[in-house]
Amino acid sequence: MYVVTKLTRFARKPLPDKWTAITATTGSAVGGLRRRLAKANTLKNRIRRSFAHARAENLEFNSGLGDSAELLYALTRSIKPTTCVEIGSACGKSACYIGMALKENGFGRLFAIDPHSPTGWNDPGPVDSLEAFRANVAALGVDEQIMIVRSTSQQAAQGWDRQIDLLFIDGDHTYEGVKRDWELFNPHVRPFGIVVFHDTAWELPPFCDRDYARADMGVPRFVDELRRQGYPVLTINKDFGFTLVQTVRGGCPLWQPPEGAQTTDGDLRTPSAPQSREEVRSAKAAGFYRV
Ligand SMILES: C[S@@+](CC[C@H](N)C(=O)[O-])C[C@H]1O[C@@H](n2cnc3c(N)ncnc32)[C@H](O)[C@@H]1O
């Protein structure tokens, strides 16, 4: 009955009104369809994501990274990096979690650097971890996101010229080794980029009490030096220590006092958030930073 009334009303309308009614109805139908498709897509992506994570949880990584891999995943989803670099891949736990996030982002690449040979810092399991790494990457379908670089960080740094958004340092854990990796790659990290170190809390309980403590472990000492030099350092004391470092001493300024405002000693002054190392350098030269 309702349909008949509607159709009769429609038939009585003058031609231009009929046309308006037709376009309004089809327009809202198309809009509704679009919204439904978008919802279905979101649901499909969520299901895909859950499957990928479930699959990753069941892979053999022989890794000490634990649930901190989820932090790498979340950071990558959040900052939407174009270029990520990892030093020390082993069987690929960290790489695969970054890779899964890059895949969901729809762009970005991880350069996963590791010689996959005896280095003194191999995790338990096969020392030639390349085959296991490749198998894990393939199982998660992240081959396009991860560029495997079979070399030491020193070799990979030669001629490196890309700006880096996310740098994960988990290779040579001696003091000299971790310092060298920071010095090689940190100059390429964008001001708002993030450097992540693993194994930073070995000197703290409960990790220092464990049997596998090593005298040549130098990551905590080096990262603490960065903290004392004024780099923003945030450590989560889980999974042997997971630390985020911002690459500008004192942190990237976030606020500019209005022109002519009285500033106190504690105010950081910069014309705007710096976008490149050159901008950081010139802001420093102009006295905008306290470092
Ligand atoms: C602790 S494992 C990495 C674990 C991995 N990130 C994970 O999520 O499971 C350390 C790795 O660093 C690699 N490594 C040691 N020295 C290196 C160097 N100079 N350059 C690159 N990788 C290095 C070792 O071969 C080893 O596979």
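**From a buried valine to the whole sheet**

Val137 is buried, because 23 other C-beta atoms lie within 10 Å and a residue needs 20 or more to count as such. The model in which this residue is seen is a predicted one. Val137 has its place in helix H5. Setting aside residues within four places in sequence, Val137 is in contact with Gly92, Cys96, Gly99, Val142, Asp143 and Ile146.

Is Ser129 buried or exposed? Ser129 counts as buried, because it has 22 C-beta neighbours inside 10 Å. When residues up to four places away in sequence are not counted, Ser129 touches Ala90, Cys91 and His116. Between Ser129 and Pro118, which are eleven residues apart along the chain, the C-alpha separation is 9.8 Å.

These two residues belong to a chain of 291 residues, of which 33% count as buried. The chain contains nine helices and seven strands. Among its contacts with a separation of 6 or more, 69% come from residues 24 or more positions apart.

The strands may be considered next. Strands of a sheet pair through backbone hydrogen bonds, in either a parallel or an antiparallel sense. In this chain, seven strands form an open sheet with mixed pairing, and their order is E3-E2-E1-E4-E5-E7-E6. Strand E3 (146–149) and strand E6 (233–236) stand at the edges; each has a single partner strand, so one side of each is left without a neighbour in the sheet. From one strand to the next, the twist averages 15°.

Within this order, strand E1 (residues 83–87) is joined to E4 by four bridges, and the two strands run parallel. E1 also pairs with strand E2 (residues 109–113), in the parallel sense and over five bridges. Glu86 illustrates both pairings: its bridge partner in E4 is Phe168, and its bridge partner in E2 is Ala112. Helix H4 (residues 93–105) packs on the sheet, where it touches E1, E2, E3 and E4, and its direction makes about 170° with that of E2.

How many residues of strand E4 (residues 164–169) are buried? Six of its six residues are buried, and the strand is mostly covered. Besides its bridges to E1, E4 pairs with strand E5 (residues 189–198) in the parallel sense over five bridges. In that pairing, Leu166 has Ile194 of E5 as its bridge partner. E5 is also among the strands that H8 lies across, together with E6 and strand E7 (242–246); H8 runs at about 145° to E6.

The helices also pack on one another. Two packed helices are described by the angle between their axes and the distance between the axes. The axes of helix H3 (residues 68–79) and H4 come within 8 Å and cross at roughly 30°. Angles under 35 degrees count as roughly parallel, and H3 and H4 are therefore roughly parallel to each other. Their crossing is right-handed. From H3, the contact is made by Ala69, Glu70, Leu72, Tyr73, Thr76 and Arg77; from H4, it is made by Lys93, Ser94, Tyr97, Ile98, Met100, Ala101, Leu102, Glu104 and Asn105. The residues of this contact divide into eight nonpolar, three polar and four charged.

A further helix pair is formed by helix H7 (residues 175–185) and helix H8 (residues 219–228), which pack at an angle of about 45° with their axes 8 Å apart. H7 and H8 are therefore oblique to each other. H7 passes H8 in a right-handed crossing. Tyr175, Val178 and Lys179 of H7 make the contact with Val219, Arg221 and Phe222 of H8. Of the residues in this contact, four are nonpolar, none is polar and two are charged.

Methods
Residues numbered from 1 in each chain as written. Predicted model: local features only at pLDDT ≥ 70, side-chain atom pairs only at ≥ 80, totals over all residues. Axes fitted to C-alpha atoms, helices over the stretch in contact; angles between N-to-C directions. Parallel < 35°, antiparallel > 145°, perpendicular 65-115°, else oblique. Left-handed = near helix turned anticlockwise from the far one by under 90°. Contact = placed C-beta atoms within 7 Å. Nonpolar A, V, L, I, M, F, W, Y, C, P; charged D, E, K, R; others polar. Buried ≥ 20, exposed ≤ 12 C-beta atoms within 10 Å, placed from the backbone. Pairing = 2+ DSSP bridges.
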